Amino acid sequence: MVNLLEDLKWRGIIYQETDAEGMKETLEKEKISLYCGVDPTADSMHIGHLLPFLTLRRFQKHGHRPIVLVGGATGLIGDPSGKKEERQLQTTEQVDLNVQGIKKQLKQIFTFEGENGAIMTNNYDWVSSMNVITFLRDFGKHIGVNYMLAKDIVSSRLDSGISFTEFSYTILQAIDFYHLYTNFNCKMQIGGSDQWGNITTGLEFIRKMAGEGAKAYGMTIPLVTKEDGTKFGKTEGGAIWLDPKKTTPYEFYQFWINTADADVVKYLKIFTFLGKEEIEALAVSVEEEAHLRKAQKALAEEMTRLIHGEDSLQQAIRITQALFSGDVKSLTAEEIEQGFKDVPSYIHGEENGLVDLLVAAKISSSKRQAREDIQNGAISINGERITDVQYELVEEDKLGSAFTIIRRGKKKYHLIEYK
């Protein structure tokens with residue numbers, strides 16, 4: 001079997017480790033429990049959250065037990081890591097809704113059955129019952145203010161200001177690590193590079209509470225960047241969410257398939273579970289036959305299958321192929337909704353004549369222009385060119401009884417909706 005740590009290094013996943021030798025020795029000797037957490041700041045994760053959890057999944061594939069923590073308590077406080085100003089506090093009700101959405105997505109990534117099945121936890125379960133005296137005496141007493149001030153997550157905010165609420169966040173996360181260490185024998189925490197300060201506070205806390213002989217480790221993962229320096233995971237439309245209602249499986253698939261050649265091999269390494277030989281073969285393909293985009297297709301397929309399942313992947317592929325070929329008649333109403341989500345749309349009124357419809361939907365600027373467009377062969381209905389200026393739409397033109405797709409020129413799509 002592939003050595004886990006060597007594989008992580010080859011993939012470029014390890015950024016910082018607290019005790020590399022001790023961790024290596026422990027992982028070789030025993031199967032450990034380890035955790036990664038996410039605060040429910042929204043009702044869905046986006047792809048920027050994925051890498052630490054996918055790394056945790058790699059440990060599970062090598063026989064270790066992952067503990068997945070959703071921060072119902074810390075989400076009510078706000079993590080100052082990577083933030084220049086205070087977070088807006090959310091209501092308990094909103095955080096509860098967010099927790100449910102995120103749990104559902106994490107269940108898609110991990111295996112919860114079997115000998116090393118993942119454990120789902122929520123820190124609200126142990127933090128919410130703690131009173132302020134317990135927090136100050138049993139926990140706050142062990143972490144010095146000078147120690148906390150030296151942390152980047154705190155020092156970077158001293159000029160702009162930080163509330164005591166966010167200042168105390170790192171202690172709450174340290175309590176999480178200690179709670180999991182004590183109750184689940186959790187020996188390791190994984191997080192993004194911005195979590196280094198919180199992870200090391202947790203280790204300091206375990207050392208003070210459990211004694212110098214306590215064995216626990218921390219590992220962070222590098223920030224994912226694009227070759228051109230722009231932020232990974234953002235598009236003109238905003239973040240790429242894991243929730244199919246926020247980012248459709250087709251849009252999700254398209255994000256990955258549009259990865260630049262300069263980034264695709266790196267993303268295959270860190271995001272997919274493809275083996276070294278397969279990734280190296282795809283890297284050769286990028287160099288020698290980039291136009292085939294084999295690496296991008298493999299990346300898009302692996303990621304869409306993982307997050308949305310095989311059916312949604314096949315649906316995304318069908319939409320992609322239909323748009324490329326122009327054969328949109330083969331699509332279902334649901335697939336049309338996904339594939340044409342961002343094109344201009346028009347709710348059909350009384351217009352059945354094509355000329356009138358082109359003008360009403362603002363596809364052509366005037367009736368004269370509409371007639372010219374039709375006569376010049378510039379107008380297609382559901383992929384079929386129409387050159388008859390007297391053409392009237394019929395029931396067969398309504399795909400799934402819900403949509404008609406009109407294309408003007410080669411790429412300008414418009415969606416006619418029937419309510």
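User: Where do Arg11 and Asp7 lie, and how many residues apart are they?
Analyst: Both lie in helix H1 (residues 4–11), four residues apart, which is about one turn of the helix; helices are DSSP runs of H or I with at least four residues, numbered from the N terminus. This is a predicted model, in which local features need pLDDT of at least 70 and side-chain atom pairs count only at pLDDT 80 or more, while totals for chains, interfaces and linings use all residues. Residues are numbered from 1 along each chain as its sequence is written, and side-chain values use heavy atoms, leaving out hydrogens and water.

User: What do Arg11 and Asp7 form, and how far apart are the closest N and O atoms?
Analyst: A salt bridge is a side-chain nitrogen of Lys or Arg within 4 Å of a carboxyl oxygen of Asp or Glu. Arg11 and Asp7 form one, with their closest N and O atoms 2.9 Å apart, and by this rule the count comes to 19 salt bridges.

User: Are Arg11 and Asp7 buried or exposed?
Analyst: Buried means under 20% relative accessible area, exposed means over 50%, and partly exposed lies in between, using a 1.4 Å probe and protein chains only. Arg11 and Asp7 are both buried. In helix H2 (residues 20–29), Lys29 and Glu25 are also four residues apart, and they form a salt bridge at 3.9 Å, but Lys29 is exposed, at 61%, and Glu25 is partly exposed, at 46%.

User: Which residues are linked in a network of salt bridges?
Analyst: Glu204, Arg207 and Lys208 are linked in such a network.

How values were computed:
Helices (H or I, at least four residues) and strands (E, at least two) are DSSP runs, numbered from the N terminus.
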